[in-house]
Amino acid sequence: MLTCPALANVDTGNDSYSCYGMNQYLGPQVAPRCKLNQIKRPSSLLIFTDTRMTSSTGALNPTGQGFWRLNPEQFNTNDGYPDFRHGDMLCAAWVDGHASIIKGNQNNPYAAEPFGPGNERFYKPTHNAK
């Protein structure tokens with residue numbers, strides 16, 4: 001379940017290298033935590049997407065593995081970034097439980113809505129909360 005057949009370089013012995021990343025703003029390392037009943041628009045708040053781990057310089061890593069945490073805002077070292085590995089599309093899951101396909105550019109993943117600066121309402125609970 002944690003391995004996407006479209007991602008060739010997968011370390012199945014390490015759970016950190018999952019092919020799907022959780023929005024870091026909803027994950028266990030974030031404080032203060034947001035409760036589900038505080039989210040005003042759960043259908044527009046990302047929870048999981050196809051994700052790839054950044055390079056050691058915090059940049060695009062086309063041969064890299066997946067990663068468990070998604071940084072939906074910018075490239076950063078030791079983070080995952082949106083991975084448009086399905087013909088410039090990625091799979092996304094939203095807090096309300098629906099899934100969708102997002103079109104973007106594998107070479108510039110933060111150029112597509114809902115990612116990148118200015119789109120915080122899609123990934124930061126503090127910008128989506130009641």
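Mentor: In this predicted model, Arg85 pairs with Asp50 in a salt bridge whose closest N and O atoms are 3.2 Å apart. Arg85 belongs to the loop between strand E4 (80-82) and strand E5 (89-94), whereas Asp50 belongs to strand E2 (residues 46-53), so this contact ties together parts that lie 35 residues apart in sequence. Both partners, Arg85 and Asp50, are buried.

Arg85 also forms a salt bridge with Asp83, and here the closest N and O atoms are 2.6 Å apart. The relative accessible area of Arg85 is 12%, which is under the 20% cut-off and therefore counts as buried, while Asp83, at 0% relative accessibility, is likewise counted as buried. Through salt bridges that share partners, Asp50, Arg52, Asp83 and Arg85 are joined into one network.

Another pair to inspect is Asp79 with Arg69, whose side chains meet in a salt bridge with an N to O distance of 2.7 Å. Asp79 is placed in the loop between strand E3 (69-70) and E4, and Arg69 in strand E3 itself, so that the pair links distant parts of the chain, ten residues apart. Asp79 and Arg69 are both buried. The structure holds six salt bridges in total, among them the contacts of Arg85 with Asp50 and with Asp83, and that of Asp79 with Arg69.

How values were computed:
Residues are numbered from 1 along each chain as its sequence is written. This is a predicted model: local features need pLDDT of at least 70, side-chain atom pairs count only at pLDDT 80 or more; totals for chains, interfaces and linings use all residues. Side-chain values use heavy atoms; hydrogens and water are left out. A salt bridge is a side-chain nitrogen of Lys or Arg within 4 Å of a carboxyl oxygen of Asp or Glu. Helices (H or I, at least four residues) and strands (E, at least two) are DSSP runs, numbered from the N terminus. Buried means under 20% relative accessible area, exposed over 50%, partly exposed in between (1.4 Å probe, protein chains only).
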